[in-house]
Amino acid sequence: MEAQQISRIFTSKSLFFSSHLAKISGNLGSLKGKNSSLFPVFGARISSNNGGGRFGSIRRSVNEKSKGSGGFNNFQDEILRSFEDKNDVEVIFEKQIDQSMEKESQSGSKEFVESITNIMNEGTEGAMDAEEEEKHHTKVTHSVVFVTAEAAPYSKTGGLGDVCGSLPITLASRGHRVMVISPRYLNGTPADRNFDGAVDTECKVKISCFGSTQEVQFYHEYKAGVDWVFVDHPAYHRPGNPYGDVHGAYGDNQFRFALLCHAACEAPLVLPLGRFTYGEKCLFLANDWHAGLVPVLLGAKYRSHGVYKDARSIIVIHNLAHQGVEPAITFKNLGLPADWYGALEWVFPTWARTHALDTGEAVNILKGAIVTADRIMTVSQGYAWEITTVEGGYGLHELISSRRSVLNGIANGIDVNEWDPSTDEHIDFHYSMDDLSGKAECKAALQKELSLPIKPECPMIGFIGRLDYQKGIDLIRAAMPELLQDDVQFVMLGSGDKQTEDWMRKTETANRDKFIGWVGFNVPISHRITAGCDILLMPSRFEPCGLNQLYAMRYGTIPVVHCTGGLRDTVESFNPYAQEGSGQGTGWTFSPLTKECMLEALRTAIGTYNEHESSWKGIMKRGMAQDYTWDNAAVKYEEVFEWAFADPPYIR
């Protein structure tokens, strides 16, 4: 009878458990110390299963036991067999659970059942209603493994780090078990402290590649509902960023990221995170070429031995321009069977070869991922289309077009806690869509900080980004003499191309009351520029998604962008005649990518700022009202997850 009661409790309260998965870790530690004998019951994850959902296996096991001779004494063992990982059972009411465990040990199963019933009833008070719960939590959960070269806040050079630092947390909050695997970079700077919270798992694996056996070890930190796993090897301990230093890209990047991929395939099998490994039925999200060997390894190394036969892989393309191309002779170093060379084989066209005797033969790791992954994703719908074109496909357009049926684009979200003008710790004045007064104060504070004339009537234009050809900095340089003839102020923040850095310094010296060039990157000043400027300029040649335009709109700063990729998807050009004259749109887009078109769009924005205050405020408020949270993106990712598992593995 008691077993049946417990079965009903777990069944009826399944929604309650799933709504609090992100809060588990802290309480389990103290619970384990105080109640070690009963910890296995609560220190495990209630797994998804095909016959009854998250709690189905528990219900069946308990009911069966209630009919047999074992009774309640075997209940703990049955639950333990049904669980996967400690991270999904929340212990919110630690005191009450301690008491209930004490009762169980002293008085038997009846009191235990009653205590658990009381705890569950108390825990559901004030819970979200069914409609809200459905919005925030998914019905089907997966074990998701992100493989990435960078993940904020541990390591970051751009949007890839932002995505792999935020999306996993959102997926975990929706009930998935999530692991992020990236290198443990140590470069002798204060950034090394980012890894202070990660502890050595004392688990080492040997990997055969590059003509030798390499040993890696894993560090782990459980934070925000996510298992952050860091691959440790001397190749990741050097000055510079994840990809290079002041002298350029590291010459051994192929080795460094091949090692990451091999280690990432081993981690779900060998790491007992929360006392249980992730196991073989994983969903690997391989991000860019650095993780591109993962889908290849699943087919070439593991499935031939019956391992990972139920796993799936998705290659997420953040920037197709970088493909991990190296000479063909390096294939033998990658730890793949010789008959898999065709998956990575790449031949450059004649015009791209260096000399007459150059055969153009190479290996292309991203190409290998595209032909072996179960699905292909990009970070916006517009970019998903662009990479199937000659102009945007960088030689892979025909291959990607051949797999168009499994190609999807999902726009990135943003961290709305970090980027919130009403609470941002980096700005002195806060504001919101309902009260925009702080926006003008932020502008005046920025002008003062940059030693610009404090002119509220003067439109302030900002640029934040890498100084390279992709970002359209050549157009900015060409247009600046004409633009500075107008009554504007312009501030640039970025680093990269040395000639552009020098140009920024010289232009600032010659136009000190109108132009500021901040060489380098500074997080607090990037927030203050986003909050203080009226217009954000993004003339990118291509932009897979882009985040700065999303930050700008959230801060009431109007984006003026080239109509490409994710910029086209997220910025709607202003139309003053729509909605019966009330207007629509969140900024301005321009095309083609020329100096003249960019200047025309900028001057249209400047004219609207100067002459149409009500229209300008309407654009600001529509931008601030846009919902680019990761929750929306996560729902779309989950759809792709389901499609991936609906089909058999692409490579069996």
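This is a predicted model: local features need pLDDT of at least 70, side-chain atom pairs count only at pLDDT 80 or more; totals for chains, interfaces and linings use all residues.
1. Nine strands make up an open sheet, and their order is S3-S4-S5-S2-S1-S8-S9-S13-S14. The pairing in this sheet is mixed. Strand S3 (199-209) and strand S14 (407-409) each have a single partner strand, so one side of each has no neighbour in the sheet. On average, neighbouring strands are turned by 25° against each other, direction ignored.

2. S3 and S4. These two strands are antiparallel and are paired over eight bridges. Across this pair, Lys 206 stands opposite Glu 215 in S4. The hairpin of S3 and S4 has two residues between the strands, and Phe 210 in this hairpin has a positive phi near 55°.

3. S4 and S5. Strand S4 (residues 212-223) also runs antiparallel to strand S5 (residues 226-232), with seven bridges joining them. Here Tyr 219 is placed opposite Phe 230 in S5. Two residues lie between the strands in the hairpin of S4 and S5, where Ala 224 takes a positive phi near 55°.

4. Helix H11. This helix spans residues 253-270, 18 residues in total. From its first C-alpha to its last, H11 reaches 25 Å, close to the 26 Å expected at 1.5 Å a residue. Is H11 mostly covered or mostly uncovered? Of its 18 residues, 16 are buried, so that H11 counts as mostly covered when buried means under 20% relative accessible area.

How values were computed
Residues are numbered from 1 along each chain as its sequence is written. Side-chain values use heavy atoms; hydrogens and water are left out. Helices (H or I, at least four residues) and strands (E, at least two) are DSSP runs, numbered from the N terminus. The expected span of a helix is 1.5 Å times one less than its number of residues. Buried means under 20% relative accessible area, exposed over 50%, partly exposed in between (1.4 Å probe, protein chains only). Two strands pair if DSSP finds at least two bridges between them. Axes are lines fitted to C-alpha atoms, for helices over the stretch in contact, and angles run from 0 to 180 degrees between N-to-C directions.
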